[in-house]
Amino acid sequence: MPDLVTAARVLAHERQTVVDVTTTLRLKVAPHALILSLAGMAGEHDGVLHAFTAGPADGTRETHAVPDPRDRDTQAALWSELARIVDRTWQRALDDRTFPQVLVSGTAALDHLTQVAERLRNNTRVPDDARLLGQRLSYWVDRADVPGQQSVVVATTALREHLVTGMSPGEEEHLGAFLEWCAPGPGMPADASLLERVELAERHATGPARRPEDDRGVLVPALDRYSLAQLLGDPVEILAAAEAVGAALRPALRHQTRLLRDAHAVLTGLGLPELPDVARPDDPRNALDRLRDAETNAFSTWCAYLDRPVHPISGLDGNVAAAYRLARHESANAALSAAVVLGDPLAREAAVLAGTALRGRVLRVTQRAPADRPGAWSRTVLQVTLTGPGVPRAGQTWHLAAPGAAPWRVDATTPGQDGTVKITVSRPGRADTTGCAPGATIDLVRDVPDWDAARRAAGRLRERDAARSPWLPARTDRSST
Amino acid sequence: MADKSTAGPGAFLRGALPFTPAGAAGLFAAAELQDCAAHVLMTMAQVAPADVASTALGEKVNQGQSPLALGRGNAFERQLTRGVPSRLGVALGHNGLGTDLFVDVTRRVPMPPSGHGREEALRRREQATLDVLADGGAATVWQGALTVTLGKVAFRVQPDLIIRDDTGRLRVGEVKSWADNGPRTSGRALSSALGQVAVGDLALRQAGHVTVPEAVLVLARPRSSDASVRVQATGREKALIDDAARAFPQVASDALRRLPPGSTLDQSDTVRALPTAYGDLCRLRCALADWCRRRAVERGDPAVLGDAAAGDLEPGALLRGPNARPPLLQAAVDAHLRATGLTTAPTQAAEGDPTRA
């Protein structure tokens, strides 16, 4: 049977517009999130940065370019400009006691940031501000892997988390194409069909890689002119050629930035309720608040770590750190998945169809009171008609998907007549069958979010990092080259 | 530069299109797209899909590599092979793949500066390669040439490295100028490189050599001018190219039977008569992807929603419209609408607000 995402894709295809794949908001994009457009250089790895546009979504953005990023000095100048802008974002987050948030176009842009971070963060041959930039970018790169994280907004991923188009997932990786499904972009022919608009959008790169034909037509001649001017040593021509290189890079950056602003507008205007924390109805914070709290906590921990005199950020995890990182990932994923299945009706529906959540119509409830002694368990027999493929098994623990999410241990499952099932469940103390009256439809889920486990796993990873033997000079001792 | 006059079994299909035989990367792309008869026939006729797209279909095709990337790749290869011992030799030696004999075929048989004589030079390079491999003893052949045959069609491929160990077994290697970022290295790029190796491996096996199904990938080491050497199994890629070698002649024959006599691939009607199979990989591998997607949309082919969705839906499922969806799809749509708080009635879904689901 097709899953609900496939169903949503079919609906999107029929309606020629995006369709929700969630009924709750999973990511809160700040109005002042840092928008970062990147331009690399074809064939160059190691995070070579040719130009960038950066600035808050609700403020002024700056564009900086260098004529030849393969030249270490000019590249360092570009890092310094980016370091200055990231520092503003960082300081604002510290002042607001929250966390910095960055918006990039796609996974390729995140990969590029990763390379810049790895190149700079422990590099003693680059200026201090560039190294600090690398360490700050490392924070974002590190967080980007954590399920439910709120710091790094990869536009295509964030859009796909909430919306689906009538294209393939691979095609949705093109930000311009995805946004055409949301609304026609500026400059699109008024009479163009959606498919024609998508094709037109796909002719533009969304960064940081550029289209080969753009390199061939404009950039390479400008670079050749710059190389020749340098060879001749003519300062006027060098300036003019550098300007020509910048002019060749700016249109693609402008386009990328426009797409990022559009993506920001879509993500901040989704109009969905925030993901609730069904398991804890007594706590005013919802699940999104908890994710944001975790983010703030991670940021303050990272800042404290950077303030230590020695703070090695390893290039590659050792075995223990890798295991802790995996545990952090798994704990965060488990908490988020549980919260989503409990709090998002669409995710619950998908879980029921997949058999990972149970749905049944209650026919009869029989309770047996616990023995009159401390710690005794009460037993309840639910006779239900299950409507999904999932079946509870003895020994499993299921939670009633209702505020409070009471846990039940399944003692026995007995198939009855007419497709009914008798489920014998028990729990410590008095039986609570609120919401299980005959005739009611109940959902049972396997897990409830354990937010503390995710926090503990993150803490263990940071402690491990801190315990590593120092292999870098203390920060105050470092000198720039 | 392609030589228009070069003949071959597929010459009658080319029409005005230039002879552009696929290299190892093109052959592996065709192997990945072997469900598409049009792509297989273009490959067997030794024409470039980009030429077919622009000439026969009037498509605006933008393909090829940036000159900056090409320049970087060439510079990386020069950097690797310069000096004695070369960085390449040292890196291979560290991985137990070093040999005393290093033969640079490009020096033995230089390529003429213009396109003229290219085929002859490649033939001589292949002969030089086979001579070295026939000598026995450990040796490394740098940028040799080999022939791989699919059906009766021969393709010349130029693996960057062929390494023969002391036991006479051969490994093929590829040099790529992109960085080895450990587990974060692009899987897609790695698979493509492994595919090129698998094609070279097939050529060696067809020439009667015993090979090890392992690829030697020489990549750039981040923050260093040294090389990073990976030795990886080519199981999936080898199976794909072996399948292609068996299937291509039959797929091409079946496709040819659908065409009227005298059809050539520079004609729009010819290309339109060929079966295609649009899928997730097409946008990465084929210049006809835009045209094929339009065609798939017109036909209601669920492949436009992605391979995963297409596996759940029957052909033409998207043509039926919201009032006649297949039952299983309708059940999933109902579940989606129920959960999002919208209607469960398909007719109402069709007439609902078109701007928001």
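1. Leu4(A), Thr6(A), Ala7(A), Ala8(A), Val10(A) and Leu11(A) of helix 1 of chain A are in contact with Leu329(B), Ala332(B), Val333(B), Ala335(B) and His336(B) of helix 15 of chain B, where contact means that the C-beta atoms, placed from the backbone, lie within 7 Å. The residues of this contact divide into 9 nonpolar, 2 polar and no charged, with Ala, Val, Leu, Ile, Met, Phe, Trp, Tyr, Cys and Pro counted as nonpolar, Asp, Glu, Lys and Arg as charged, and the others, Gly among them, as polar.

2. This is a predicted model, in which local features need pLDDT of at least 70 and side-chain atom pairs count only at pLDDT 80 or more, while totals for chains, interfaces and linings use all residues. Residues are numbered from 1 along each chain as its sequence is written, and chains are lettered from A and ligands numbered from 1 in the order in which they are written.

3. The axes of helix 1 of chain A and helix 15 (residues 327-339) of chain B come within 8 Å and cross at roughly 90°; axes are lines fitted to C-alpha atoms, for helices over the stretch in contact, and angles run from 0 to 180 degrees between N-to-C directions. The two helices are therefore roughly perpendicular, a term for angles of 65 to 115 degrees.

4. The contact between the chains takes 45 residues from chain A and 45 residues from chain B. Helix 1 of chain A gives the largest share of the chain A side, 10 residues.

5. In chain A, a closed barrel of 6 strands runs 8-9-12-11-10-13 with antiparallel pairing, where pairing requires at least two DSSP bridges between two strands. Helices (H or I, at least four residues) and strands (E, at least two) are DSSP runs, numbered from the N terminus.

Terms used:
Two residues are in contact if their C-beta atoms, placed from the backbone, lie within 7 Å. Angles under 35 degrees count as roughly parallel, over 145 as roughly antiparallel, 65 to 115 as roughly perpendicular and the rest as oblique.
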